[in-house]
Amino acid sequence: MSELTDKTRLKKRDWYGYLFIAPFFIVYTIFHLMPILNTIFLSFTDLWGFNTEYTFVGFKNYIDILHNELFFKAFINTLIVWGMNYLPQIGLALFLAALFVSNHDKIRGEGMFKVLFYMPNIITAASIAILFISLFASPNGSINLLLVDLGILKEPFNFYRDVTVTRIIVAFIGFWMWYGKTMIILLAGMKGINPNLYEAAEIDGANNRKKFTKITLPLLKPILLFVFITNFAGGMRMFDIPFLLTDGGPNYAVETISMFIYKQAFTGSQNFYLASTASVYLLMFVSLVTFVLFKLFDDKEKEGK
Amino acid sequence: MSKVLKGLLYALLIILSILSIFPFWILFVNATRASDQITQVFSLMPSNFLFKNFDSLLSQGFDVYSGFRNSIFISTTTTILSLYFSALTAYGFKVYNFKFKRYLYVVIILSILIPPQLSIIGFYQLMVKMGLTNSYIPLIVPMIAAPATVFFFRQYLDSILHKELIEAARIDGANELYVFHKIVMPLIQPALATMGIFTFVVSWNDFFTPLMIITSKSKYTLPMLIALLRGEVYMVDYGAMYLGLSLSVIPLIIIYMLFSKYIIDGTTLGSVKG
C-alpha cells in the first residue's frame, strides 16, 4: 500500500515536467513552427501586396522561380561569397588553434590575442557595414587616402564599382568577423583530445605535422562538421553586410538569397508568394547539405570501426 | 621552435591583432575629427571636434537616446526571459520523467538546426494577422524558445546537478519551483553568464527582424538607427557619422571586455550561433 502511494506521488510530481517545458513548446509552436508551416503554405499561393485573399496555385511558383535569373544569381553569389570567406577562415582558425594548443604557456599574450581575434564577432554587423562603406569610400575614404599617401595607388580607386573587389570586401568582413569564433570552437575541441595520444606519438617519433594530420584532424572531425554546418547555414542567410554595404551592387555582385527574399517581400509589388518559395528552396538546400554531410560522416565512421 | 619561426608567428599574431583594432581605431579617431579633416588627410591621431560632431549628429534627427533606450529594453527583456525559460525547460527535462520526454527533446535538438530566418515570410504574415507589427513582442517573445540555450543548460546540468541535492531540499519541504529558483538557478550561474552574453549580443545586433516589424521611427532599435547613417546627410557629414557608429560600438566593446573570459575559455561549445 505504502509503495503504491509512493508511486502515485512520484507520478504527480512528474507533472511538473510538462509544466516546466510548456512555455518553451507553446512559444515554439506559435513563433517558430507556425511561421515555418505558414511559409510553406504561402509558397503554394499567389499572395502579394496588401491583399488578404489568395488562390492556390500548386507547384507553379516552384517551377516559375527556376526561370528567375536573379534568383539563380543570388544563389550563386551567396555560395561564392561564403566560399571566399569560409576557406581562409577555417584554414586560419585551424592553424591558430593548433598553434595555441601545442604551444600552450609558451606564447606570451595568448589570452590577449584570443580576446582580440574574437572581438569583431560581437560588434553589430550593421555598424561594421557602415564603417566599411566609409573606410573604402571613393575618393575620400580613409583607405583611399592612406593608399595614395603611401604611394600604393596613384589616384583613388572606386572599390564598390568593381564586382570582384566588392565580393572580396564582403567575404573579408565575414572572414574577419568569424575566424576568431571558429578558432575558439576548434580550440575547445582540441583541448578535449587525450594528451596521452600525443605523448605516445612522440615516443614513436612523430613530428608536429604528423601529430596534426594523424591525431588532431581525425579526432576533430565531429567539431569540424559542426563548424561547417553552422557556418554554412549562417553563410546562406547572409544579409546585413551586403544589404547595407552596396545594396547588392555593383551589377548584383553581392545580391544574396536573403536579400532576394527580403526585396521580393518588402519592396515593389511585395511578392510574398515568390519570397516564400525562395525561402522553402533555401531551407531545403540547407537541410539537404546538412543531411548529406551527416550521412557521409556517419558512413565513414562506420567504415573506420 | 627556431627563433626565425617564432618571430614569424608573433608577426602573424600581431598583424591579426592590428587587423582587429585598426578599423575601430580609425572609427574612434574620426569621431573626434571634423568632416573636412576626415576627407582630406588620413590620420591616426584624435582631434578636438568630438562635441561639435555630437551636436551635429543630434541636430540631424539621429535620436541616440531613444535608440539606446529601445535596444536596452529589448535586449535586457529578451535575455532575462530567454535565460529563465531555457533553464526551466532544461531542468524539466533533467529531473522529471514523463511521457514522450525523449521525442520532445529530439524536437529541441532538431530545431537547433533550423534557422528562424528561413521562415521570416511566414513569420511576418503571421504577425500581421495577429496585429503585432510595430510592436516589440515579435522581437522579444520568440526568444523564450531558444533551443540552443536549452541544449547548453541541459549539458551543463548533466555535469553538475546531483539528484541528492534536490531530494534533500524536497525532504525539507521545498516545493518544485522553490527548488528551481533557490537551488538550481544559483548553481548554473556560470552557464547563465555565458548564454546571457550571447543572447544579449544576438538580440542587440539583430537587424533583419526589427527592419521588417518596426515601422515608426520612435521605436527604432540602435542597428536600425545605424542603418540610417548610410543616408545622404551623413555621407557628407563624416564626423557625425563616425560618432554615431562609435556610440553603437562602444557599449559592446565594454561588455565584451568585462565578460570576455566567459566567451574565450571555450566552455561555450554548445552555444554556437550560425
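What percentage of the 305 residues of chain A count as buried? The share that counts as buried in chain A is 41%, where a residue is buried if 20 or more other C-beta atoms lie within 10 Å of its own, exposed if 12 or fewer, and partly exposed in between, with C-beta atoms placed from the backbone. This is a predicted model, in which local features need pLDDT of at least 70 and side-chain atom pairs count only at pLDDT 80 or more, while totals for chains, interfaces and linings use all residues. Residues are numbered from 1 along each chain as its sequence is written, and chains are lettered from A and ligands numbered from 1 in the order in which they are written.

**Confidence**

- For the complex, the predictor gives an ipTM of 0.87 and a pTM of 0.88.
- Chain B has a mean pLDDT of 87, and 95% of its residues reach 70 or more; pLDDT is the predictor's confidence in each residue, from 0 to 100.
- Where pLDDT is low, the predicted coordinates should not be read in detail.

**Chain A**

- Chain A has 13 helices and zero strands, where helices (H or I, at least four residues) and strands (E, at least two) are DSSP runs numbered from the N terminus.
- The radius of gyration of chain A is 25 Å, well over the 19 Å that the globule rule gives for 305 residues, so chain A is more spread out than a compact globule; the radius is taken over C-alpha atoms, and the rule is 2.2 Å times the number of residues to the power 0.38.
- Taken along the principal axes, the C-alpha atoms of chain A fill a box of roughly 80 × 65 × 35 Å.
- Of the contacts in chain A between residues at least 6 apart in sequence, 69% join residues at least 24 apart, two residues being in contact if their C-beta atoms, placed from the backbone, lie within 7 Å.

**Chain B**

- The secondary structure of chain B comes to 15 helices and zero strands. With a radius of gyration of 23 Å, well over the 19 Å that the globule rule gives for 274 residues, chain B is likewise more spread out than a compact globule.
- The C-alpha trace of chain B spans about 75 × 65 × 35 Å along its principal axes, and buried residues make up 41% of the 274 residues.
- Helix 8 (residues 147-160) of chain B has 14 residues and should span 20 Å at 1.5 Å a residue, which agrees with the 20 Å between its end C-alpha atoms; the expected span is 1.5 Å times one less than the number of residues.
- The buried residues of helix 8 of chain B include Pro147(B), Phe151(B), Arg154(B) and Tyr156(B).

**Domains and interface**

- Chain B is divided into domain 1 (1-61 + 229-246) and domain 2 (62-228), with bounds that come from an automatic or database domain assignment.
- The C-alpha centres of these two domains of chain B lie 34 Å apart, and nine residues of domain 1 are in contact with five residues of domain 2.
- Between the chains, 68 residues of chain B are in contact with 70 residues of chain A. Elements that give two or more residues to the chain B side include helix 1 (3-31), helix 4 (64-95) and helix 11 (189-205).
- That side of chain B divides into 49 nonpolar, 16 polar and three charged residues, where Ala, Val, Leu, Ile, Met, Phe, Trp, Tyr, Cys and Pro count as nonpolar, Asp, Glu, Lys and Arg as charged, and the others, Gly among them, as polar.

**Backbone details**

- A cis peptide bond with omega of about 5 degrees joins Ser138(A) and Pro139(A), and Pro139(A) has its place in the loop between helix 5 (125-135) and helix 6 (142-149) of chain A.
- The peptide bond from Gly249(A) to Pro250(A) is also cis, with omega near 0 degrees, and Pro250(A) lies in the loop between helix 11 (240-245) and helix 12 (257-266) of chain A.
- Asp247(A), in the loop between helix 11 and helix 12 of chain A, has a positive phi of about 55 degrees although it is not a glycine, and counts as partly exposed with 13 C-beta neighbours inside 10 Å.
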